[in-house]
Amino acid sequence: MVGVTVAVAPSAHAACAGNYKLYFQGALTGPYAETGINEYNGVKLAIKDYNKTASTKIDADAIDTQASGSQSPALAKKVVDDECALGVIGGMYSGETLAAVPVYEGGGVPVISPSATNPALTNKSPVFHRVVANDLVQGPALATISKRVGKKIFVVDDATPYGKGLAKIVKLNLSKSQLAGTDAVTEGTTNFSSVVSKVKAAKADVVFYGGYYPEAAIFIKALRDNPATKNVKFVAGDGVLDGEYIKLAGKNAEGSFLTAPGLPMKTAAPKLYKAYKAEYKKEPGLYTLESYNAAWFFLQAIKKGNTTRASINKFIDEEVIKGVGMTMSFGPSGDSESIVMNEYTIKNGQMVWVRKL
Amino acid sequence: MGATLDFSILVSEFASLTFDGIVVGAIYALVALGYTLVYGVLRLINFAHSEIFMIGTMACYAVTLALGISTDADPLVMSSFVLVFSLIIVIAGLASGASAVVLEFVAYRRLRKMKASRLSSLISAIGASFFLTELFRILTDSKNIAFPRLIDKEPIFVISSAYVTADKLFVIVGAALLFFILNRVINHSKLGLGIRAVSQDETTSVLMGVNVNRVVSLTFLIGGILAGAGSAFYMVFYETTKANVGFLVGVSAFTAAVLGGIGNVRGALVGSFALGLIQQYSSAVLGYNWRDVVTFVILVLVLLVKPTGLLGEALQRARV
């Protein structure tokens with residue numbers, strides 16, 4: 001099967017001259033769509049900016065995985081089979097990316113993820129790259145924050161590759177006396193009462209949650225509603241740092257301790273921030289800047305005359321590109337060579353950047 | 001990664017786990033009754049019942065939208081809570097009840113008339129369930145919906161480790177009231193007599209002048225209203241919904257109905273409370289992600305020993 005796709009791809013490019021496409025992989029509908037739409041907007045804006053001066057225009061397209069690893073491989077196959085597809089910006093989350101990368105590799109499609117942070121993606125494939133630091137950087141940073149804000153830390157994850165992976169790294173960075181207890185929930189759960197009882201019984205003063213914002217919003221509400229746990233410090237990674245978290249959790253989200261490798265567009269790239277707001281009439285999301293830059297990398301490759309998947313992948317592997325607000329280059333493992341981690345919090349219903357870690 | 005057993009929590013948090021288990025069980029029971037009533041009269045598992053529940057949660061949300069209650073608003077004072085909640089439960093009951101009647105008419109009635117096999121009805125039920133879930137997925141963009149806080153959740157009093165809050169008390173008392181009314185309807189009304197007659201022997205009931213279609217419609221209506229009421233309690237307690245919320249609650253409620261003995265109204269109650277407690281205890285001891293493993297192992301064990309469930313089928317034997 002792999003042989004067939006590889007054989008089809010090169011001959012097909014001829015049929016596509018002047019009509020090349022860059023795909024975005026992520027959730028455009030579903031509970032995780034907020035993050036995906038913000039990322040896709042970044043991709044579209046980069047392509048729009050590029051097309052203003054470019055001789056060969058590029059089109060933006062997307063596959064909507066709803067962030068699900070069970071849907072992403074079939075959709076990735078569509079990209080592989082699309083003669084005009086030169087590369088993929090994505091996937092948005094780790095699980096869907098882990099599932100789709102082997103399919104892209106089969107078709108030789110280069111991939112740059114703006115936001116998948118699971119360490120299992122390091123060295124995963126010669127076509128995979130990412131512009132953000134992985135959870136081997138984020139996990140210890142979260143453990144450090146947890147230890148800074150409290151003494152007994154209770155670790156909960158959502159059993160996804162991302163959440164479970166991040167929780168594991170946090171646990172490894174805590175001593176026995178610092179780890180008050182653990183639990184794992186399932187994605188989509190609404191009943192956190194037994195978890196809250198466990199946090200209470202463990203007398204934890206910090207809860208770390210490895211997971212995404214829909215469940216985190218319900219969890220933080222359940223914690224705040226119980227008099228015994230209402231003052232615990234809530235620490236979580238980039239999966240929770242999203243406008244939807246604030247919307248769903250309301251004032252309970254205030255004061256959460258959050259991290260992300262992503263940079264705030266407003267301070268890192270103020271000019272782009274203005275252009276983005278003018279274009280979409282809304283605030284950019286956490287990984288909008290990274291998505292813009294991931295697309296920018298592809299566009300620089302195309303600008304230099306690379307119009308096959310193989311030559312673009314080679315370009316990505318070798319070149320250093322100055323994007324907006326960040327410089328990008330990839331090591332042989334596919335990971336970013338610049339390592340950045342940021343601490344955020346929620347204040348007055350807004351995501352606020354606190355410091356570089 | 002294996003489970004880490006922690007039995008000490010059963011002792012230290014026994015009261016809070018038990019109290020929450022009863023609250024969850026009460027919500028399951030309201031949904032489980034719909035499965036069991038329909039099974040009683042039609043010998044059919046109405047797999048779309050979970051979506052009838054979901055429609056109820058959406059109706060609750062729609063009412064708060066229409067009343068302009070935002071998710072940032074402070075909880076209501078008791079008197080206005082009672083008013084608002086009465087409106088919500090009536091609208092949700094009507095929405096779910098009407099949906100259940102329409103569902104019966106569209107998905108089952110014709111199959112019944114044509115004397116199609118039960119399997120066809122089952123497939124039709126699953127189809128209807130998918131249709132409704134996906135429809136609401138599109139309508140809501142499959143996002144999680146946050147429901148405003150209607151009642152203050154500060155504890156009123158404390159029993160051992162359990163914080164007794166108004167919303168939980170409200171769920172338990174409200175559900176108990178509905179069971180009482182249902183019991184009266186089934187055992188002491190003409191409609192109840194009809195339901196019991198049809199569940200015992202459909203052919204004979206027809207000969208005795210029972211309008212079977214009417215009884216079936218009304219059974220769906222009652223099941224739907226109970227699910228709608230359950231959805232109102234669910235929303236006050238959990239304050240969130242989404243297109244596939246019915247699946248999460250429906251699987252548990254259906255399991256509870258089977259555990260107690262499907263077709264048996266008291267069985268649905270016993271099964272629901274048993275399941276609510278099993279889920280709370282097992283997720284505390286083993287971890288939340290083991291909850292369903294434990295639940296289904298217990299279900300299989302009960303069915304191996306007693307295939308009719310804890311209380312067996314009793315509706316058709318007039319022992320409700």
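Chain B has a radius of gyration of 20 Å, which agrees with the value near 20 Å that a compact globule of 320 residues would have. The model is predicted. Along the principal axes, the C-alpha trace of chain B spans about 55 × 50 × 40 Å. The division of chain A into two domains, and the contacts between these domains, are also described below.

- The secondary structure of chain B consists of 12 helices and four strands.
- Of the 320 residues in chain B, 51% are buried.
- Among the contacts in chain B with a separation of 6 or more, 80% are between residues 24 or more positions apart.

**Chain A: domain layout**

- Domain 1 of chain A comprises 2-134 + 265-328, whereas domain 2 of chain A comprises 136-260.
- The centres of domain 1 and domain 2 of chain A, taken over C-alpha atoms, are separated by 30 Å.

**Chain A: contacts between the domains**

- In chain A, 16 residues of domain 1 are in contact with 15 residues of domain 2.
- On the side of domain 1 of chain A that touches domain 2, the elements giving two or more residues are helix H2 (33-51) and helix H4 (94-107) of chain A.
- H4(A) gives the most to this side of domain 1 of chain A, with three residues.
- By class, the side of domain 1 of chain A that touches domain 2 of chain A has eight nonpolar, seven polar and one charged residues.

Methods. Residues are numbered from 1 along each chain as its sequence is written. Chains are lettered from A and ligands numbered from 1 in the order in which they are written. This is a predicted model: local features need pLDDT of at least 70, side-chain atom pairs count only at pLDDT 80 or more; totals for chains, interfaces and linings use all residues. The radius of gyration is taken over C-alpha atoms; the globule rule is 2.2 Å times the number of residues to the power 0.38. A residue is buried if 20 or more other C-beta atoms lie within 10 Å of its own, exposed if 12 or fewer, and partly exposed in between; C-beta atoms are placed from the backbone. Two residues are in contact if their C-beta atoms, placed from the backbone, lie within 7 Å. Domain bounds come from an automatic or database domain assignment. Ala, Val, Leu, Ile, Met, Phe, Trp, Tyr, Cys and Pro count as nonpolar, Asp, Glu, Lys and Arg as charged, and the others, Gly among them, as polar.
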